Amino acid sequence: RLIGGGLTIQQPLDVQDLLSALVAAVEDESDASHTLDLGGPEALPHHALVRRVGKLHGNDIQVSSVPLAAVRAAAWTMNLIMKNPPITPAMLGVLQHDDKIDNSAVQNVLGIKLTPLDETLARYIGP
């Protein structure tokens, strides 16, 4: 079960790509100042990502929905009554934000190439 049926757009980033970007940024000797956004090479709905991982394991995952309003109410309530809630309204806002990052600038400026999502999933989550 995914919040809102898993319609939020995800853009998973390979951790090795993140490290490559950080190293390239630190080693950049140009005088240019850049603010660069970095996301994975593919943007897809959360439900599609979950299903793709399932296929790596030979499973056809059926996704159902948990209403977003119910999760928002639960997060708000837990935030009021718990010292360290498992999710807060702010966390939920971040998780429900669509990721649609254009990686062309970061790849050009830092000279990195992003790992295809299928390769990342096979390496970290595959059977």
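**How to read the values**
- Residues are numbered from 1 along each chain as its sequence is written, and side-chain values use heavy atoms, leaving out hydrogens and water.
- Because the model is predicted, local features need pLDDT of at least 70 and side-chain atom pairs count only at pLDDT 80 or more, while totals for chains, interfaces and linings use all residues.

**The surface patch**
- Helix α1 (residues 15-27) gives the most to the patch, with four residues; helices (H or I, at least four residues) and strands (E, at least two) are DSSP runs, numbered from the N terminus.
- Tyrosine 124 sits in helix α6 (residues 117-124).
- With 43% relative accessibility, tyrosine 124 counts as partly exposed, a class between buried (under 20% relative accessible area) and exposed (over 50%), using a 1.4 Å probe and protein chains only.

**The interior**
- Which residues make up the largest nonpolar core? They are Ala21, Ala24, Val106, Leu110, Ile112 and Leu114.
- Helices α1 and α5 (104-110) are the elements that give two or more residues to this core.
- A nonpolar core joins buried Ala, Val, Leu, Ile, Met, Phe, Trp, Tyr and Cys residues through side-chain atoms within 4.5 Å.
- A second, separate core of five residues includes Leu49, Val53, Leu117 and Leu121.

**Salt bridges**
- The structure holds five salt bridges, each a side-chain nitrogen of Lys or Arg within 4 Å of a carboxyl oxygen of Asp or Glu.
- One of them pairs aspartate 14 with arginine 123 (3.0 Å, N to O), linking the loop between β2 (9-10) and α1 to helix α6 across 109 residues.
- Is aspartate 14 buried or exposed? Aspartate 14 is buried, at 1% relative accessible area, whereas arginine 123 is partly exposed at 42%.
- Glutamate 119 also forms a salt bridge with arginine 123, at 3.5 Å between the closest N and O atoms.
- Glutamate 119 and arginine 123 are about one helical turn apart because four residues separate them in helix α6.
- Through shared partners, salt bridges join Asp14, Glu119 and Arg123 into one network.
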